[in-house]
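Subject: Structure for your review

Dear colleague,

Please find below the structure that I am handing over to you. My findings follow directly after it.

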Amino acid sequence: MNPFDDTYFMKQALKEAHIASEEGEVPVGAVIVCNNQIIARAHNQTERLNDPTAHAEMLAITAAVEALGAKYLTGCTLYVTVEPCIMCAGAIGWAQLSTIVYGASDEKKGYQQYAPKAFHPKAIVKKGILKEECAAEMTSFFKQRR
């Protein structure tokens, strides 16, 4: 049995989402894994950085390419708690991530609604990993805000 499976890495992304929530950010967390090792982790920081592009996926991609010293993330997997938006999906495609794993779907802003072909054509997409936990993080955050 491999302790480092999709559930394990999504739990790591959920930890990042929780940090975002504690900081008053929309609770989205992401980790990028290469060879069963986390090479980047990030959470939304749009409020902190006053930057609408500071999504968890964007920050994780920047950290991962820096860690690897390469502009492509071929062979790497992105774990993100919520379905990427179209901006992030474009960056994921350009970075050539091999696998994208996300928890909760986003019917309003998710990439599937607007740009279902944004990822690299050979990319593998896995949906719904810990989706209840990922959705609960978002629901709890917005319930507190209203």
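Strands β1 and β2 pair in the antiparallel sense, over 6 bridges. Within this pairing, A30 has A42 of β2 as its bridge partner. Please bear in mind that the model is a predicted one.

The two strands belong to an open sheet of 5 strands, ordered β2-β1-β3-β4-β5, with mixed pairing. β2 and β5 are its edge strands, each pairing on one side only. From one strand to the next, the twist averages 15°.

The loop between β1 and β2 deserves a separate remark. Most residues other than glycine have a negative phi. N35, although not a glycine, has a positive phi of about 55°, and N35 lies in the loop between β1 and β2. N36 is found in that loop as well, and its phi, near 65°, is likewise positive in a residue other than glycine. As to accessibility, N35 counts as exposed because its relative accessibility is 72%, whereas N36, at 40%, counts as partly exposed.

Helix α1

Helix α1 has 17 residues and reaches 24 Å from its first C-alpha to its last, close to the 24 Å expected at 1.5 Å a residue. Its buried residues are D6, F9, M10, Q12, A13, L14, E16, A17, A20 and S21. An α-helix has 3.6 residues a turn, so residues three or four places apart point the same way. After α1 comes G24, with a positive phi near 80°.

Salt bridges

How many salt bridges does a search of the whole structure find? The search finds 2. Side chains of opposite charge can pair when their charged atoms come close.

K126 counts as partly exposed, because its relative accessibility is 34%.

In the other, the side chains of R41 and E16 meet at 3.5 Å, N to O. This pair also links distant parts of the chain, with R41 in strand β2 (residues 37–43) and E16 in helix α1, 25 residues apart.

In soluble globular proteins, nonpolar side chains tend to be buried together. Here the largest nonpolar core has 26 residues, and those with the most contacts inside it are I32, I61, L73, L78, I92, L97 and F119. At least two residues of this core come from each of β1 (29–34), β2, α3, β3, α4 and β4. A second, separate core has 11 residues, including F9, M10, V101 and L130.

L73 is found in the loop between α3 and β3, and L73 counts as buried because its relative accessibility is 0%. L73 and L97 are 24 residues apart in sequence, yet their C-alpha atoms are 5.0 Å apart in space. Not counting residues up to four places away in sequence, L73 touches I32, I61, A64, V65, L68, A95, Q96, L97 and S98. With the same exclusion, L97 touches I32, I61, L73, C76, T77, L78, I92 and A123.

In helix α4 (residues 86–95), the buried residues are C88, A89, A91, I92, G93 and A95. What covers them includes α3 (56–68), β3 (76–82), β4 (99–104) and α5 (111–114). Just after α4, Q96 takes a positive phi of about 60°.

T46 is found in helix α2 (residues 46–49). T46 is buried, because its relative accessible area of 19% falls under the 20% limit for that class. Leaving aside neighbours within four places in sequence, T46 is in contact with E25, D51, P52, A54 and H55.

Yours sincerely

Methods
Residues are numbered from 1 along each chain as its sequence is written. This is a predicted model: local features need pLDDT of at least 70, side-chain atom pairs count only at pLDDT 80 or more; totals for chains, interfaces and linings use all residues. Side-chain values use heavy atoms; hydrogens and water are left out. Buried means under 20% relative accessible area, exposed over 50%, partly exposed in between (1.4 Å probe, protein chains only). Helices (H or I, at least four residues) and strands (E, at least two) are DSSP runs, numbered from the N terminus. Contact means heavy atoms within 4.5 Å. A salt bridge is a side-chain nitrogen of Lys or Arg within 4 Å of a carboxyl oxygen of Asp or Glu. A nonpolar core is a set of buried Ala, Val, Leu, Ile, Met, Phe, Trp, Tyr and Cys residues joined through side-chain atoms within 4.5 Å. The expected span of a helix is 1.5 Å times one less than its number of residues. Two strands pair if DSSP finds at least two bridges between them. Axes are lines fitted to C-alpha atoms, for helices over the stretch in contact, and angles run from 0 to 180 degrees between N-to-C directions.
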